[in-house]
Amino acid sequence: MKIFDKTNPIDYRPSEDRYNQMLFRRCGKSGIQLPAISLGLWHNFGFVDNLENGRNIVKRAFDLGITHFDLANNYGPPFGSAEENFGTILKRDLAKYRDELFISSKAGYDMWPGPYGNFGSRKYLIASLDQSLKRMGLDYVDLFYHHRPDPDTPLEETMGALDQIVRSGKALYVGISNYSADETSKAIKVLRDLGTPCLIHQAKYSMFERWVEDGLLDVLDNSGVGLIAFSPLAQGMLTDKYVNGIPKDSRAAKNMTYLDKVTVEQNLPKIKALSDIAKSRGQKLSQMALSWLLKDDRVTSVLIGASSVGQLEENLQSIKSVDFSSDETKKIESALLS
Ligand SMILES: NC(=O)c1ccc[n+]([C@@H]2O[C@H](COP(=O)([O-])OP(=O)(O)OC[C@H]3O[C@@H](n4cnc5c(N)ncnc54)[C@H](OP(=O)(O)O)[C@@H]3O)[C@@H](O)[C@H]2O)c1
């Protein structure tokens, strides 16, 4: 574990103005409101990263009214290290504010060797959440997700495990991620019958990835379940970062993720056209990409990543301008088709 920088004060006091900075949206038909912008710790929070930088991002996020922090068992690298680092930050800076935070974790992808460390069995989900709680130093998470559908485990077993987790007090709410519209309808029904409603679906959604518009958003809306959009900036492509080439310290240059240089280069004409439209709205491309998702009030929250405090601050400005004229919408649609 890394040692904290002594020049970074331990007696963190969050901004008193934090709840005036953020827009909150009700999650489906539940009692929970989420910030329109949430922070995910998939990248930039592992043992390979600078913990002080991560700590500054989390503290600034809370100062700006971000109450929702999203993790998963395997975020890092190495697996588990983002939860461990987040646990360290919580203990140092945010322990007093636990009841103001909405913390999520997940299991569903590869986590440990053998048949019990992947997919959707009751055994995997329950053991994984126990490990996550230990790593973060928490008694419970606010939200626990099944991270992806499992074609081989009966849905009743996986949803039964989520129900058991809520009844045991280890999570307050449950959700699903990466389920198709049809799988989602079935999961919502099983959970409802068990008496543990599905709170939210976490789905990949951005200007570049719009599959949720073909059925999922309607299923969720009709069932009173929220939607949180992950990778809303297409991992950084929907920002001005790549407009003049691929910076050395960017995700695409590091080749550590699903974003590669070829994909960025293929999308450059669209990125440049969108960046010009953003300018005409008085926004950066990052801000317009987030505003564009938030114009639909079925989107409860957009779940961003950030590698610096500056990126986070830039992205937060998007909530100030979530309306689009029909002319702007047309221009965006035609840029996306170009
Ligand atoms: N459920 C799932 O299966 C799943 C899958 C993926 C992600 N997620 C969740 O969604 C969260 C967000 O995903 P994501 O990190 O892919 O989201 P994203 O917001 O699309 O991408 C974040 C990256 O974009 C760049 N960026 C952000 N703001 C910027 C700005 N203003 N200017 C320039 N570049 C900027 C940074 O890249 P650089 O590092 O290059 O600076 C940053 O790390 C994850 O942390 C995780 O919680 C869930």
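Two strands count as paired here if DSSP finds at least two bridges between them. With that in hand, welcome to this predicted model, where strand β9 (residues 226–230) and strand β10 (residues 299–304) pair in the parallel sense over four bridges. These two strands belong to a barrel that eight strands close, in the order β3-β4-β5-β6-β7-β8-β9-β10. The points below go through the barrel, the core, the ligand shell and some backbone details.

**The barrel**

- Pairing in the barrel is parallel, and neighbouring strands of this sheet are turned by 30° against each other on average, direction ignored.
- Helix α6 (residues 181–194) packs on the sheet, where it touches β7 (171–177) and β8 (198–204). The direction of α6 makes about 160° with that of β8.

**The nonpolar core**

- The largest nonpolar core has 88 residues, and those touching the most other members are Leu-143, Phe-144, Val-174, Leu-227, Ala-229 and Val-302.
- Helix α10 (residues 285–294) gives the most to this core, contributing seven residues.
- Leu-143 is a handy place to start browsing: leaving out residues up to four places away in sequence, Leu-143 touches Phe-102, Ser-104, Ala-171, Tyr-173, Val-174, Gly-175 and Leu-199.

**Around the ligand**

- The ligand has 30 residues around it, of which Gly-40, Trp-42, Phe-230, Gly-236 and Gly-305 come nearest.
- By class, this shell holds 17 polar, nine nonpolar and four charged residues.
- β10 and α11 (309–316) each supply at least two residues of the shell, and α11 gives the most, with three residues.

**Backbone details to check**

- Asn-44 counts as buried because 21 other C-beta atoms lie within 10 Å, and the cut-off for buried is 20 or more.
- Asn-178, in the loop between β7 and α6, likewise has a positive phi, near 65°.
- Asn-178 is partly exposed because it has 19 other C-beta atoms within 10 Å.

Conventions: Residues are numbered from 1 along each chain as its sequence is written. This is a predicted model: local features need pLDDT of at least 70, side-chain atom pairs count only at pLDDT 80 or more; totals for chains, interfaces and linings use all residues. A nonpolar core is a set of buried Ala, Val, Leu, Ile, Met, Phe, Trp, Tyr and Cys residues joined through C-beta atoms within 7 Å. A residue is buried if 20 or more other C-beta atoms lie within 10 Å of its own, exposed if 12 or fewer, and partly exposed in between; C-beta atoms are placed from the backbone. Two residues are in contact if their C-beta atoms, placed from the backbone, lie within 7 Å. Axes are lines fitted to C-alpha atoms, for helices over the stretch in contact, and angles run from 0 to 180 degrees between N-to-C directions. A residue is near a molecule or strand if its C-beta atom, placed from the backbone, lies within 6 Å of it. Ala, Val, Leu, Ile, Met, Phe, Trp, Tyr, Cys and Pro count as nonpolar, Asp, Glu, Lys and Arg as charged, and the others, Gly among them, as polar.
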